[in-house]
Amino acid sequence: MHSHADIDEQNEQVKALFIYNFSNYVEWPNSAFKNDNSFLKICLFGEIPFYPFLNIFNGTIVKSRQLDITNTQNLDSIKSGCHILFVGNDKKENLPDLFKNIQNSYVLSIGNSEDFSNNGGVISIMRTQDQIEFEININQALKNKLYITSDLLSLARAIHQH
Amino acid sequence: MLQPFRNISIKRKLITIIMFTTTLSLCAASITFIYLDRNSLQGSMKQELLVLGTVVAQRSAIAIAFRDKKAITENLNSLAAKDSIELACMYDSGGELFSRYLNKRNSINNEKLKCPEYNFEFEKSDFKNNFLETFIKVQYNNKTTGGLYLKTNTHVLKSHLYEYAKLSSITIISILALTLLLSSYLQRYISHPILSLSRLALQVKETNDFSLRLKRNTGDEVGILIDSFNGMLATIEEAKARIDDIISGLKIKKEKSDANAISADQKSKAVSEFFAGASHDLRQPLHAMGIFSNALLDSNLSSNQHNLATKLSLSIENMSSLFTDLLDISKLDAELPHANIKPVKLNDIIEKLKIDFIVLANDKGLALKIDSSDIVINTDNIMLERIIRNLTSNAIRYTTEGRIHISSSINENNTIIKIQDTGIGIAKEKQTVIFDSYTQVETNNDTGLGLGLSIVKKLSHALKVKVELESELGRGSCFSIIIPNTPVEMKNVEHSKIEKSIYQTPFSRLTFLVIDDEQDILDAMEILLTQWGAEVISASSPNQAIEKLNQAGISPAMLITDYHLSDEITGFDAIRDVHEFLDEEIPALIITGNTNKEDLIIFNKNDQTVLYKPLKPAALRASISQLLGI
């Protein structure tokens with residue numbers, strides 16, 4: 001039997017894996033990068049429990065680009081734009097403001113709650129009864145000029161199209 | 001193994017060969033096709049599974065990255081569309097088994113269906129234990145996120161192979177049936193000419209008919225064979241015809257020669273009969289002539305008359321000797337001679353011959369040299385004398401000048417008596433035939449029937465002596481009598497008496513009874529016997545003789561009778577009657593001119609002294625002396 005703490009830790013690990021996988025299965029156009037050598041930036045904003053797990057991938061190559069994983073509390077450091085922005089639970093109260101204040105193009109925003117994808121986010125990762133699932137707001141993804149493969153879409157629990 | 005095959009008919013051989021090779025090639029083709037088909041089927045099956053697996057793997061690439069069990073399970077379950085897939089296993093990027101699909105419709109022992117250890121260094125697809133195992137990497141953007149393993153049953157392959165084999169078998173069987181039908185029909189183009197050839201050969205053998213021919217209707221080697229066979233038959237037929245001709249020619253020749261042989265035999269018989277008849281017919285008058293001429297010589301004649309009478313007497317002598325020869329041949333043909341072997345002084349015989357031949361030789365102006373001899377041999381003196389006499393007589397006959405030499409010698413094994421002459425000689429080719437009857441060496445000036453050597457041959461055969469001839473034409477001949485030596489008992493040597501030359505009256509005061517149905521003979525006999533000092537009672541029949549004896553009242557010393565008396569009365573009857581009348585068995589002498597074999601046999605049987613006509617006075621006198629013991 002797994003202890004409660006164990007399950008929490010496992011969930012955090014899965015979340016980290018999800019974030020990493022998204023870097024693999026979401027398409028960014030070349031214009032999302034300054035040049036060929038630019039990093040694929042993953043910004044973790046706020047309090048992020050799985051950061052240690054995800055940080056293992058820092059510096060690894062995904063789609064011939066190096067991953068640059070940072071964890072910050074500072075809004076300014078994410079304003080210029082990240083390729084993947086994970087918003088921690090502690091930073092999600094004022095989401096519309098947040099999205100207004102940052103550059104949203106080419107940003108795959110991921111949240112940890114169910115309504116994240118309904119409030120300007122692209123992907124919501126959440127926990128159902130027995131497993132971790134995710135939702136995709138495809139309109140938001142298109143708005144953010146991202147292309148999400150159908151395979152990934154097929155895995156999503158719900159696809160929002162407003 | 002091929003032995004039974006060798007003995008079957010050509011037709012079957014051909015069909016067997018065709019069927020065998022057809023079956024073999026069809027099977028080989030079928031096996032090749034089945035093999036190729038199986039390979040291509042396996043290849044396409046691999047390809048199919050690879051494509052299917054790859055599709056599933058691609059669809060599952062992200063799901064496995066997100067560890068979405070539900071999505072993976074769904075993906076794997078989609079494989080159920082492919083009935084042959086028994087097992088599908090999905091592994092995550094760490095090689096751990098993530099999800100498994102099991103085909104529940106197939107009731108294969110689940111024990112066998114376990115997912116293997118992850119080993120996806122490269123993708124592969126292999127047939128193993130009636131299953132196809134396919135390993136596929138699950139990749140997204142060249143990034144391996146896991147692995148897929150598929151285990152597929154090969155029922156399709158098997159059923160396909162089975163179908164193919166079934167179809168092949170049906171095809172092969174129907175092709176073979178067709179082949180059998182066609183080859184049964186077509187083989188006759190090969191087998192028929194051969195069969196008809198063999199039938200013809202058999203027919204020729206059975207019927208001996210070489211005129212049979214086979215019609216050629218093929219241009220192949222069999223056609224050539226038929227031509228050759230026909231040619232051979234023609235050659236044989238020709239040769240047979242020639243042989244038949246030769247045989248029939250030979251048959252005709254044989255018939256001719258048989259006929260010739262028969263006619264020769266008949267001729268020989270006719271000649272024999274003729275001589276026998278002639279000797280009988282001529283004997284009577286000759287006999288009388290001899291007696292008369294002797295009587296004439298003994299009477300008072302002038303010297304001129306005496307000379308003529310002497311010549312007449314000599315001629316009669318010659319003639320008489322010829323008849324004697326004829327008679328001898330008849331006698332010898334009856335196989336009468338039985339050699340009476342006893343020790344004989346050769347000189348006695350030779351001395352006797354000297355007396356007989358010296359005058360004859362002198363007459364022809366020939367020298368006769370006879371060497372005296374003290375050799376004693378076992379032989380029949382009469383037969384041997386006859387042999388020497390005949391040879392000597394021939395020698396004188398065929399010699400016109402020179403000499404005759406009779407000599408004798410003895411060596412280890414044989415006594416040899418040689419009669420050599422300087423006569424005309426005998427050609428080589430004639431030397432073998434002269435011993436046959438009636439063969440005479442051709443001469444211009446002398447007579448003779450050529451019987452002398454024939455008698456010599458027969459006598460020498462009876463005596464078991466050999467007569468050899470050496471001769472050169474124109475230079476003379478030499479006959480050698482070769483007598484094998486046998487031990488001689490000297491005490492038995494018979495001193496054969498040299499005939500006493502002249503007794504004026506040897507039988508004086510003796511009475512002779514003479515019976516003959518011919519008056520001439522009776523007269524001649526009476527004159528002759530009277531000259532020898534005897535008294536003669538002559539009669540023409542036994543009855544007359546008994547009558548005369550009765551009248552005279554005397555008993556005669558001896559009876560001399562002819563054999564064939566009138567009324568079928570024989571000399572034996574006369575002798576019996578006289579003996580009965582006198583009641584005394586006086587010596588009797590039969591004189592006969594008959595030389596037929598039956599009579600000769602009778603005389604021999606009765607141990608009767610017989611003299612043959614023409615009768616020589618000397619012989620008569622000698623016989624009388626012998627019978628009377630004087």
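A search of the whole structure, which is a predicted model, finds 20 of them over all chains. Let me show you one. A:E27 pairs with A:K63 in a salt bridge, and their closest N and O atoms are 3.9 Å apart. Where do these two residues sit? A:E27 is in strand β1 of chain A, residues 26–27. A:K63 is in the loop between β3 (61–62) and β4 (65–72) of chain A. So the pair ties together parts that are 36 residues apart in sequence. In general, side chains of opposite charge can pair when their charged atoms come close.

Now, how many salt bridges link chain A and chain B? The count there is zero.

Let's stay with that interface. 14 residues of chain A touch 14 residues of chain B. Which residues of chain A lose the most area to chain B? They are A:Y25, A:D151 and A:L155. Together those three make up 51% of what the chain A side buries.

Next, the open spaces. Look at the second largest pocket. Its volume is about 1,100 Å³. It has 44 lining residues, and the closest to its centre are A:F18, B:A63, B:F66, B:R67 and B:D68. Both chains supply elements to this lining. From chain A, two or more residues each come from α1 (4–25), β8 (132–137) and α6 (150–155). From chain B, the elements are α2 (10–65), α3 (69–77), β2 (97–102) and β5 (143–153). Which element gives the most? That is α1 of chain A, with ten residues. By residue type, the lining of this pocket splits into 18 nonpolar, twelve polar and 14 charged.

On to the closed spaces. There are five cavities of 30 Å³ or more. Take the second largest cavity. About 70 Å³ of space lies inside. Its lining residues are in chain B, and they include B:L286, B:N294, B:E317 and B:K616. Helices α6 (221–298) and α7 (303–333) of chain B each supply at least two residues of that lining. The types here are five nonpolar, five polar and two charged.

Last topic: confidence. The model scores ipTM 0.81 and pTM 0.46. Chain A averages a pLDDT of 86, and 98% of its residues score at least 70. Which elements of chain A mark the two ends of the range? Strand β2, residues 40–45, has the highest mean pLDDT, at 93. Strand β10, residues 158–160, has the lowest, at 79.

Chain B averages 82, with 90% of its residues at 70 or above. Another is residues 496–503, with pLDDT below 50. This second stretch has seven contacts beyond near neighbours in sequence.

How values were computed
Residues are numbered from 1 along each chain as its sequence is written. Chains are lettered from A and ligands numbered from 1 in the order in which they are written. This is a predicted model: local features need pLDDT of at least 70, side-chain atom pairs count only at pLDDT 80 or more; totals for chains, interfaces and linings use all residues. Side-chain values use heavy atoms; hydrogens and water are left out. On a 1 Å grid over the protein atoms alone, a cavity is a set of points where a 1.4 Å probe fits but cannot get out, and a pocket is an open set with protein on both sides within 12 Å along at least five of seven lines; lining residues have an atom within 4 Å of a point. Grid points are joined across faces, edges and corners, and a volume is the space filled by probe spheres set on the points. Helices (H or I, at least four residues) and strands (E, at least two) are DSSP runs, numbered from the N terminus. Ala, Val, Leu, Ile, Met, Phe, Trp, Tyr, Cys and Pro count as nonpolar, Asp, Glu, Lys and Arg as charged, and the others, Gly among them, as polar. pLDDT is the predictor's confidence in each residue, from 0 to 100. Contact means heavy atoms within 4.5 Å. Buried area is the accessible area (1.4 Å probe) that two parts lose on being put together, summed over both. A salt bridge is a side-chain nitrogen of Lys or Arg within 4 Å of a carboxyl oxygen of Asp or Glu.
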